Every structure is written in structure tokens, then in C-alpha cells.
Amino acid sequence: MRRVRRTVRSRSVPPWAAAVAALLWLFTLATAPSHGAQNRPSAATTTTYTNPVSTGAVDTFPDPAMIRGKDGLWYAYGTQNPVLQSEGEDGERMLPILRSADMVTWEYAGEVFTPANKPAWHNGSRLWAPDVRYAFGLYYLYYSVPGRNTVGLATSAGPTGPWTDRGAVLPTPSGCPAGNIDQAQFTDTDGTPYLYWGSYDTICVARMNGDRTRTEGEVTQIARGRRVEGAFVVRRDDFYYLFYSDAGCCDGAYSGYQVKAGRSTSPTGPFVDDEGTGLMALTSKAGVVAGANGNRWIGPGHNAIQTDLSGQDWLVYHGIPSEAPDLAPASNGTLKLTRRPMLIDRLDWIDGWPVVRAGAGPSDGPTAAPVTAWAAGGTFNEGGLSGWRAEGSGTAGWSAATDPDARGHAVHAPAGSGTEAAYLVSGGHAPAALRAEADLRVTAAGGAAGVTVAHRDPGNHIVAWLDSARGSLVTDVRVDGRSRGEQATALPSGFSWGTWHNVSVELRGTRMTVEVTGDRLRDPVAVQTREVPAAAVRPGAVGAAARGSGAAADNVGAAALYRPVTSRVDPPRTGKLLTAYSDEFDTPAVPGTIPGSPWQWVRGPAAGITVGGGSLSWPTQDAELYLGDNRASVLLRDAPQGDYTVETRMRFAPDRTAQQAGLVLYENDDRWFKLVHSVLPLTNGNGALLHVSEFGKEGERPTTTPPTAVANAPMFGGPTADTLWLRMTYHHDAVNREHEVRAFTSRDGVHWSAGSVWTLPVRGELKIGLISLNRSGALADFDYVRTYRDR
């Protein structure tokens with residue numbers, strides 16, 4: 001049920017924010033960081049990159065968040081970790097900061113807190129999972145304080161500090177039945193700010209007060225699942241997309257983390273996955289955005305989103321390198337640390353759903369880089385207004401200005417009333433299909449600041465205005481000296497005209513989309529789409545526009561609009577049925593109990609198992625196949641050589657925790673892959689049980705002593721049903737000598753939910769098998785086991 005939205009309260013600049021901004025204005029943007037380069041990186045055109053992008057700056061950078069600063073550079077923020085171990089540093093940096101000119105080459109830029117200035121109310125807690133936003137002329141950094149089970153806030157006039165502590169954001173209790181961490185802020189098109197948070201196993205949302213320092217009012221649960229956490233919300237077209245991670249983030253080579261997404265028509269839900277399953281349903285979910293794909297990256301997760309200058313979205317997240325998954329213990333006593341450097345990858349929107357690289361998953365080789373250089377435009381940081389030309393009315397009113405955050409920018413202060421438009425346009429031209437943007441602010445009452453594109457002259461251009469007199473985003477298209485029609489979209493009440501806002505314009509054919517945001521983080525406070533005359537769509541200059549008593553502009557430019565990817569990569573397809581490795585269970589004899597049977601038992605035959613009518617029925621055993629507790633029976637048969645897919649259809653309706661049944665690819669009791677319908681308890685769920693498609697593996701932990709120590713890990717796939725189709729595709733990676741196995745589930749045998757990939761080093765051959773175990777009381781009916789040669 002969709003909730004009726006309350007009246008939006010005014011969102012003017014809070015007095016404390018203005019005071020803090022004025023005070024911190026005296027500091028330079030980069031308060032001397034305690035490590036690394038002190039000079040800002042210069043912009044460069046980078047054509048390719050290779051993950052992890054944080055290499056060369058830090059050893060690890062978990063839970064990354066990213067923002068483009070008003071100086072035109074990108075800044076990233078990470079969880080407290082020993083980020084400089086390779087340089088001999090034993091301790092941790094508290095919310096470390098990186099800086100880049102191109103999103104792929106980063107330098108260390110300091111940290112939010114140090115032992116000397118860390119607020120006392122943290123009570124010694126480590127600090128996790130930063131989320132960064134820009135509003136009211138300040139950078140808002142929300143972060144988790146797990147030792148206090150709450151979320152903190154720090155603000156700054158610049159992206160590297162100095163930071164002012166604003167205390168805890170959540171009340172006590174918070175109203176969410178979960179861990180109060182992994183927060184993300186989001187502002188809706190009506191100006192209402194929200195905070196999303198939660199971990200293990202529920203995500204919640206609540207409105208925030210007008211200055212975004214505290215949550216208030218009703219708390220709504222919007223997602224739950226096994227180890228669900230790491231919310232990040234964006235708005236696209238008519239939907240709100242909730243990105244989150246599930247399974248385990250931080251168990252080295254056995255981390256099952258993956259990014260998933262659901263969507264809703266309201267910021268407070270209900271959210272559903274790409275199969276229509278509600279994110280509050282007591283089952284695992286589909287909608288995988290990024291998961292392990294069999295290359296070096298394990299446990300990709302905890303994402304943010306960033307947009308390059310062409311309009312292409314990028315997933316910002318962490319992954320674990322298989323060749324070096326663990327860090328050394330830190331001096332603060334943190335013993336278990338997983339190496340999690342920062343990755344970025346292209347985020348595609350296909351049929352209304354987000355997915356990394358069309359479904360190919362994390363990249364680990366040279367990949368086309370984000371677009372971070374404009375075809376026309378600039379940041380005004382070097383050379384003032386050199387290379388720009390003034391047109392229209394009041395051309396003498398343009399001048400260059402500087403401040404510590406935005407650095408160089410352009411201002412317009414007309415000598416007269418300034419009722420006519422003045423333009424400051426680039427010397428170069430951008431293509432007709434473009435994304436243009438500018439950071440704009442209105443510096444005097446009644447004024448307007450805008451960005452002009454496809455600009456030939458004052459009579460031939462398209463302009464998008466922040467018009468304070470009309471309280472709106474206003475677009476105008478002019479061809480041959482006359483307007484082809486204005487269109488106005490109201491901005492929220494209390495819109496902060498005197499601080500920077502980003503206005504982006506995308507032209508694809510004759511379709512124009514304009515968005516107004518504070519920070520380019522896909523949470524627009526105004527969106528306008530319109531058709532423009534074909535005569536107005538042409539290559540031209542890009543520039544700033546001003547009207548009225550005063551305006552300012554910065555980071556004004558345009559690049560060729562990105563080309564969207566519209567089709568997913570093909571999933572593995574089944575080929576020829578291998579009858580010698582399949583069984584329809586038509587023979588009324590328990591497999592493995594008659595001479596010549598292709599089946600064999602480990603600790604069997606199991607009690608109560610029967611075959612008849614094309615089905616093998618197997619009651620769940622009160623026995624484990626877990627680490628050193630290996631008492632359960634396993635029914636096995638040989639697997640074919642080469643790559644193959646094994647599938648079963650299983651009727652299974654467990655009703656108690658730990659009951660599970662399904663497929664296994666088995667080498668021995670300590671080395672296997674399994675795909676099962678399993679029942680698990682919901683943490684803080686008042687006894688609620690989750691039905692999950694659990695894709696797990698067990699094997700040796702590669703970096704322990706002895707190296708044969710056994711570890712176990714799950715991933716969670718698509719939603720379950722009483723009748724569930726299970727598939728595992730096997731690939732022998734001869735180059736890396738690894739078993740690669742990917743999981744798929746289906747509730748109808750036609751539409752499959754693709755999961756991620758587990759790997760194990762090749763030690764011996766795997767056999768195909770079935771299991772029904774962990775807790776007695778349920779019955780699994782397997783209709784067949786079919787093995788196919790992969791195409």
C-alpha cells in the first residue's frame with residue numbers, strides 16, 4: 001500500500017549551515033592531509049583503466065562513496081581500515097579520502113577524523129560506510145558508528161575538510177529492527193530528504209528534518225533478507241531504485257557479497273525485484289547487479305553510483321582480490337580484515353533494470369574508461385575567463401572569481417536591471433547528441449542562472465534556467481531569434497538559490513531531459529523532459545547564462561552523450577542432453593542399491609528414500625555436511641568431462657530452520673559446491689523464517705596455516721517456491737586451474753534467475769549429486785537429474 005505523502009516543510013538554508021559555511025570559508029579546500037600528495041591532480045583524458053582503481057593510492061578502500069566536488073575533481077570516501085599497510089603503517093585511517101581528476105587515477109587526500117579530533121561520543125568505535133552529499137553549500141558525510149549502533153554526520157565547506165561533527169542522526173532506539181549502519185541519504189523531487197539504513201537483515205527508511213541532520217517520524221521497513229545491508233537509492237525515469245548487498249562482505253576468499261536492486265514508484269516502497277518479488281518477502285531475491293563472475297574478484301558489493309560527463313552511470317563498489325584476499329591484523333586489535341579495494345564498472349540500464357557491464361560482472365582487465373573531459377567547456381580554475389566569450393545583454397558584467405571550494409568560477413553582476421539574458425560561451429563546439437552540465441547559483445533576489453547548449457548565438461540556442469523569480473526550472477528553445485516555447489517545472493519550496501546546484505541537459509535526438517541536483521548523485525529535485533524542434537538540435541557551443549541581479553556558474557561543459565547498452569550478455573545455454581549422466585527416476589529402485597547403478601552413496605543409502613512415478617523422494621536428515629561435521633548422506637554419480645549444466649526440478653516445502661535440499665557438485669566432504677532450497681532464521685525477525693536459494697561452497701582457506709583449513713560460505717540467489725528448478729553450470733578454467741560454478745534458479749522452468757560464480761582450485765574431479773539434510777521433518781521430491789553439454 002502506497003503511503004500518502006505529507007506536506008513538505010520549507011527547506012531554506014538552516015542558520016547553522018550558513019554560519020558554518022561562512023566560518024570554514026576561511027580555510028583552503030585541502031586542509032593539509034596527513035599523507036600523500038598535496039597538489040590537486042590535473043585533468044587528463046584517460047581511455048582505459050584496470051580495476052582496482054584505488055591501486056597506487058591505498059591498499060584497501062571498503063564501502064566506497066564518491067562525489068564530484070565543486071572544484072571539478074572527484075572525491076571518494078571509504079570505511080576505516082589499515083589503508084597504508086604496504087608503506088609500513090600499522091594503524092587505521094578513519095574514513096580515508098581519495099581525490100582524482102578522471103575517476104581512475106587516485107591520490108590520498110586525508111581522512112575525516114584522526115585520533116586527535118575524533119568526537120568523544122564515538123566511544124572508541126571504528127567508523128564505517130561513508131555516504132557523501134552536497135546541500136546548502138556544504139558537504140554532508142554520513143557514516144556508521146557500529147560501536148554505538150547509530151549513524152553520525154560531519155559537515156564541511158570543502159570535500160577534504162575540516163569537518164564539523166553534527167552528532168548522531170538516528171534516535172535511540174532508531175525504530176528499525178536491525179543494525180543501525182550502512183546509511184545513505186536521498187532527496188526526492190519534492191525536496192523531501194530521506195535516510196536509508198540497516199544491516200543483518202533489514203533495511204529501513206525515514207524522513208529527515210529540513211537541515212538533514214536527524215531522522216523524524218515514521219520508520220518504514222523496505223527490504224529484508226539474509227545479511228541484507230548497504231542501501232543506496234537513485235531515481236531514474238518513474239522509478240526509485242534501491243541498491244543493496246546481501247550474504248557476507250568480509251570473509252576473504254569466502255565472501256559471498258553481491259549487489260542486487262529492487263524498484264518502486266515511491267521512495268518508501270514497496271520495492272520489488274526484477275521477477276516481481278517484494279523485497280519484504282520472506283525469501284531470497286533476484287535482481288543481481290554485480291556478482292562474482294569467476295575472475296579475480298570475489299564478493300563485489302556495498303555500492304554507490306557516479307555519473308561521468310557523458311551521462312554514463314558507473315557502479316562504485318569494492319571487491320576482494322582472489323590472489324591476496326586478506327590484510328594483516330591492525331594495531332587496534334582488529335584481527336580479521338579483508339582486503340577490499342575500490343572498483344568501478346559501467347552500469348547499464350536494460351529493460352528498466354540496472355546491471356554491471358550488461359551482465360558480464362566486474363572487470364579485471366583494460367576497460368573503456370569514464371568520460372571525464374568535455375568536448376567544450378571548462379572549470380574556470382585556470383586562466384579565469386580566457387577562452388570564453390560574452391554575448392547578449394550586459395556582456396561587461398561577466399568576471400572571474402575564486403573561493404576555496406569551487407576555486408575559479410564565473411560571476412555576472414550587471415550594471416543595470418539585467419532583465420535581458422547574458423551569455424558566456426565556450427570557444428569549442430559540442431556535438432548535437434550531448435550531455436551538458438553546469439554548477440549554478442543565483443546570487444541576488446529575482447535573478448536567474450542557466451546553462452545554454454547547441455548555442456550558435458543569442459537567437460539560436462537551448463537554455464535551462466534556475467529562475468528564482470518563478471521558483472522553477474525553466475527551459476527555452478530559440479530558433480531564428482524567436483522562442484519555440486518555454487516549459488517550467490516547479491522547484492521545491494525553500495530551494496537554496498544562493499548555493500551551488502548542478503543542472504544537466506541531455507539531448508538524444510529531439511528528446512531533451514533536464515535534471516537539477518545538489519551533487520550529481522541521481523537524486524534530482526526537478527526533472528523536465530520535452531521534445532525540441534529538430535532545427536534546434538545541432539552542434540554548438542556550451543555556456544553559462546545569467547539574467548537579473550546576479551548569478552554564478554562553474555564547471556560548465558558538454559560531451560558527446562553516451563550510447564546506452566540495450567541487451568544483456570547471453571547466459572550459458574544448455575545443449576545436448578547427456579543421457580548417460582541423467583536420470584528420470586522411472587525405475588522403482590533406490591539409486592545406488594542395485595549392481596551396475598551409476599549412482600553411489602557417501603554414508604548411505606539414506607533412511608526413508610524411495611523412488612516411484614518418476615520421482616525420488618528423500619526425507620531431510622538430521623545431519624550436516626559442514627566443516628568438520630560430515631554425517632549427512634550424499635547421493636553421487638560421475639560428471640562428464642568438459643563444461644556442462646546439471647539441472648533438477650524439486651518439490652520441497654520446508655517449514656523449520658536449517659532444512660535444506662538440492663544439488664551438489666562434490667569432490668569430498670570438505671570440497672564441494674551446493675545449490676539448495678534452504679530455511680534460515682531472520683536476524684531480529686521475531687522468529688520469522690527466510691526461504692532462500694542458497695549457493696554455497698566449502699574448501700580450503702588459501703591464506704591460513706595450515707593451508708588445508710576448511711571454510712564455508714553462502715551466496716543467495718533468486719526467490720524460492722515449493723516447486724523450484726535448480727541449475728549449476730560447470731566450467732573448467734584450464735588457465736587458472738579452477739572449478740567455476742554458476743547457479744541459476746527458476747520457479748517455472750522457463751524464466752531463470754542468474755546468480756553469481758563460486759570457484760575452487762582444481763584438486764580432484766567433481767561428481768554430480770543430491771542432498772537432503774541438516775534438519776529432519778521435510779520431504780524433498782526430485783523429479784529428475786538432467787545433465788547437458790553446454791553450448
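Is F136 buried or exposed? F136 is buried, with a relative accessible area of 7%; buried stands for under 20% relative accessible area, exposed for over 50%, and partly exposed for what lies in between, using a 1.4 Å probe and protein chains only.

## Basis of the model

This is a predicted model, in which local features need pLDDT of at least 70, side-chain atom pairs count only at pLDDT 80 or more, and totals for chains, interfaces and linings use all residues. Residues are numbered from 1 along each chain as its sequence is written, and side-chain values use heavy atoms, with hydrogens and water left out.

F136 is not a glycine, yet its phi is positive, near 55°. The residue sits in the loop between β6 (128–135) and β7 (138–145). Strands are DSSP runs of E with at least two residues, and helices are runs of H or I with at least four; both are numbered from the N terminus.

N555, also not a glycine, has a positive phi of about 50°. N555 belongs to strand β37, which covers residues 551–560. With a relative accessibility of 1%, N555 is buried.

## Cis peptide bonds

The bond joining G161 to P162 is a cis peptide bond, and its omega is near 5°. P162 is part of the loop between β8 (150–156) and β9 (164–168).

A cis peptide bond also runs from G269 to P270, with omega near 5°. The loop that holds P270 lies between β16 (258–264) and β17 (288–290).
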